[in-house]
Amino acid sequence: MSVTASQIAELVKGKLIGDGSVVVNGVASLKDAKPDQASFVGNKRYTHVLDESKAKVVLICKDMENDDPRGRTFIVCDNVDYAFSQVIMIFAKPAPKPVPGVHPSAVVAPSAKLGKDVSIGANAVIEENAEIGDGSSIGAGCYIGHEVKIGAKCTIYPNVTIMYRCIVGNLCIIHPGVVIGGDGFGFVPGPNGLMKVPQTGIVRIGDDVEIGANTTIDRARFDQTWIKDNVKIDNQVMVAHNVVVGESSILVAQSGIAGSATLGRGVILAAKAGVNGHITLGDGVQVAGTSGVAKSVPAGAIVLGTPAESQREFMARYTLPSRMEKALARIKALEEKVAELSK
C-alpha cells in the first residue's frame, strides 16, 4: 500500500512542512529507513540520528518545528508516538483472525456457556459452568477453570490458564503463558513444618486490560485480587494475592507487587521495580526501574532507589561520596596552609 505525505498529515492532524506529494510505502526506524519509508523523531535529542537517516518523510515533535527539513518532508505532531502508531497501522499486516466455532480437539463442559461467535482453539479445556462472552476467542491449549467468567470481545492467546471462579472483563487481551488465579503464597509455621494458608478468593480483571506473556496474578487469600479497567501489564510481571491495581496503571517487565499492596490510578512501575506488601502508592506515582518501594508513597510522587526515596533525597545520598571527597580535599589543603602559617 502507498500513501502520500499529505495523506499521512491529514490522518495524524499534523502540520505539513515540505513536499506533500512524496509517496510512502512503509515505515521504519530512522537508522533503517529507506527513502520511500516514513520515520519519526519524538525528542530533539535524536536529531543527530535524523541527519544520517535516508527517510524522506519524518514525523517530528513541536520542538523541531523550526528546524531545516534539508530536503525532507516534516509532519509536526502534538504526540509523535501516538501519531506514528496510527501510521504504522496503515502498513501493518493484519493478525490472523480466529474462526468462530469449537475445534474438534477442544474439551468443553456441557454446562459451559459460550456466547455468539466465540472461538475455542485446539486442545483448549473449558470447565463446568464457565461463561465466555460474545466474540471472544480462546487460543489453543488454554485452560478455563470452573465458573470462570470471561467478557465479550476478549482475546485469550494460546496456553493461558485462568483458574476457577476468576473474572475477566470485556475487551481484554491476555498473552501466552499467563496464569490468572494460581494460589497466593501463604504459609505459616506449624508443629510439622510449614502449613499452607487457604487462598479462597478470586482474581478480578476489569475491562480493556492487557496482560503480557508469562505474567502471574495470584488469587486472593479472601475477597479478590483486583486489576482495574485499562491497566496495561508487560511480560513476566508478578502480582500477589489481594493486590489492587488502579485504573490505567502500567506495570513494566519483571516488576513485582507483594500481597495486599494497593496502587492508585495511573501508577507506573518501571522494569524490575518491586513494591512491598500492605502499602499504598497514591494516584500517579512513578517508580523508577529496579527500585524497591518499602513504605507508602503519596500521590504524584516520583521515587527511585532501594529503599525507594524522592529524587532529591536520592541525589543527595548518591552524590554524598563525591561531596565528601571534595570536602576532605579542602580540609587537607587548609591543614597544610595552617601548618605553613604556623611555621
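## Exercises on a predicted model

The side chain of Asn 242 comes to 2.8 Å from the backbone oxygen of Phe 222, a polar contact in the sense of a pair of N or O atoms within 3.5 Å, where within protein one must be able to donate a hydrogen and the other to accept it, and residues adjacent in sequence count only if both atoms are side-chain atoms. This is a predicted model, in which local features need pLDDT of at least 70 and side-chain atom pairs count only at pLDDT 80 or more, while totals for chains, interfaces and linings use all residues. Residues are numbered from 1 along each chain as its sequence is written, and side-chain values use heavy atoms, with hydrogens and water left out.

**Exercise 1.** Find the backbone atom that the side chain of Thr 215 reaches, and describe the setting of Thr 215.

*Solution.* Thr 215 belongs to the loop between strand E25 (210-211) and strand E26 (216-218), and it counts as buried because its relative accessibility is 0%. Its side chain reaches the backbone nitrogen of Val 237 at 3.1 Å. Among the residues that Thr 215 touches, not counting those up to four places away in sequence, are Asp 234, Asn 235, Gln 236 and Val 237. Of these, Gln 236 lies in the loop between strand E28 (232-233) and E29 and has a phi near 55°, a positive value in a residue other than glycine. Most residues other than glycine have a negative phi, and most peptide bonds are trans. At 44% relative accessibility, Gln 236 is partly exposed.

**Exercise 2.** Identify the buried residues of helix H1, and explain why they line one face of the helix.

*Solution.* In helix H1 (residues 5-12), the buried residues are Ala 5, Ile 8, Ala 9 and Val 12. Seen down the axis of H1, these buried residues fall within an arc of 100°, so they line one face of the helix; the arc is that of the directions from the helix axis to the C-beta atoms. As background, an α-helix has 3.6 residues a turn, so residues three or four places apart point the same way. What covers the buried residues of H1 includes strand E1 (3-4), strand E6 (57-61) and helix H3 (80-91). Just after H1, Lys 13 takes a positive phi of about 55°.

**Exercise 3.** Locate the cis peptide bond that joins Thr 306 to a proline.

*Solution.* The cis peptide bond joins Thr 306 and Pro 307, with omega at about -5°. Pro 307 itself is placed in the loop between strand E39 (302-304) and strand E40 (309-310).

How values were computed: Helix = DSSP H or I, 4+ residues; strand = E, 2+ residues; numbered from the N terminus. Buried < 20%, exposed > 50% of the residue type's maximum accessible area, 1.4 Å probe, protein only. Contact = heavy atoms within 4.5 Å.
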